[in-house]
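Let's walk through this structure together, going from the whole chain down to one residue. Please keep the model open as you read.

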Amino acid sequence: MAIAYPAPQTQRDSPYVNIVLQVAAAEQVAAHKREMLSPIRPASSSWELSSGATSGHPEVTLAASAPLVLLQPTTLCNLDCAYCYLPHRAVSRRMSVAVADAVAATVRRWSAQHPVTLLWHGGEPLAVGLPHFRELLGHFTASPAVRHAVQTNGTLIDENWCALLAGCPIDVGVSIDGPGGPGSANQARVDRRGRDSTDQTLRGIELLRQHKIPFSVIAVVCDPSAERAAALYDWAARLGAHSLGINLEERKGVHLGGSSGKGRALQFWAALAARWRTDRTLQIREFTHAFGYFADELAGRAGARADRPINPMPMVTWDGEVVPLSPDLAGFTSPRLGAFSIGNVLTTPMDELLTRAAQLPWVAEVLAGVCACRRTCDYFAYCRGGQAANKYFESGRLDTTETTYCRNSKIALMEGLLQHATHSTNA
């Protein structure tokens, strides 16, 4: 899923970047490699079974609130990307102000405790129309603790949208995979008539630049390679983005393709690290997460990191249904487990729904899968149990462990960073 997470701290100024990637510190990283690749076994009592826990599994709990909430203002998307996983993207269904009101009530309570980012996702969120989008925004109380963000394909951005985005303000993420044209990196992103959408997106980006609206880029990579990594980085930097997020193509939802193998993914991540290290114009979303893990590992905090409750990432769909974990499950139903929802905000407050989410069979199965990952996976403190949607769409179950997504987007990423650091030391 193309998710634009809240802006991370600047990577070029982060002290642990020097630990992980700079040549002078690469030996220290290599010295810790064996420890980082061994199962985390923190000494805390959370590794002991709690009442009712499954035998052999450590306790895993959900946090009571969420720092990131996804909102689906509409199901409609004006594009028809070849790798899209969404089942109803050709249908126009709009979020009501009643749903926005209900979500806003919970956000007010949460934001009194911690910052909350509201990410307007789709479909294509701008396809809901400017007047209705403005009305939905108006139901959220302005607060320094509440940020709005939108992930858009950029094709519908015009002067009026720029005025709204700059005035709120709203963090903007643009989905585009690279330059356009036949056989190009962006060839999968076509409109409903099968036409290349690149020029439309670039026009939207140019308007953002003219209005001095910062933006990030999220790119889906279907053909990971060292050459693709360097070319994508350079292209996104020339585009003027402040950060780049990478989604390797996945088998998910209605999209049944996507897997290039861990070896190619590893070379992609290593090459991206090498290119970033020589330039650092862009922040890389995935590196920010990995660097945070390296810092915790080197400081001896990995056990505490593994012990933290799992942060929910609730997706509120257009009609008020709540998916608390793995938002890519929104709109899907399992023949065995039923709809992937914990209830509707129109009848029950979202924070109340979260408190009893683990009682539902499908959420319990997700948490059992996280427990299994914690018990068996060397990388648990880093990825915190993977993505339930990938587990389900690859295996039909939510309690499995390693997936193709894990291998290509987590394990290969970690090994690619370590490979680059090691080669830098030996050069």
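Here is a short tour, starting with the chain as a whole.

This is a predicted model, in which local features need pLDDT of at least 70, side-chain atom pairs count only at pLDDT 80 or more, and totals for chains, interfaces and linings use all residues. Residues are numbered from 1 along each chain as its sequence is written, and side-chain values use heavy atoms, leaving out hydrogens and water.

The protein chain has 15 helices and 11 strands; these are DSSP runs numbered from the N terminus (helices H or I, at least four residues; strands E, at least two). Of its 427 residues, 56% are buried, meaning under 20% relative accessible area with a 1.4 Å probe, protein chains only.

Now look at a pair of helices. A packed pair is described by the angle between the axes and the distance between them. Helix α7 (residues 226-239) packs against helix α8 (residues 262-279) at about 35 degrees, with the axes 7 Å apart. Axes here are lines fitted to C-alpha atoms over the stretch in contact, and angles run from 0 to 180 degrees between N-to-C directions. Residues in contact have heavy atoms within 4.5 Å; among those that meet are Y233 in α7 and W276 in α8.

Finally, find A290 in helix α9 (residues 285-298). Is this alanine, A290, buried or exposed? A290 is buried, with a relative accessible area of 0%. A290 touches Y382 and L417, leaving aside residues up to four places away in sequence. The C-alpha atoms of A290 and M414 are separated by 7.0 Å, although these residues are 124 apart along the chain.

How values were computed: Buried means under 20% relative accessible area, exposed over 50%, partly exposed in between (1.4 Å probe, protein chains only).
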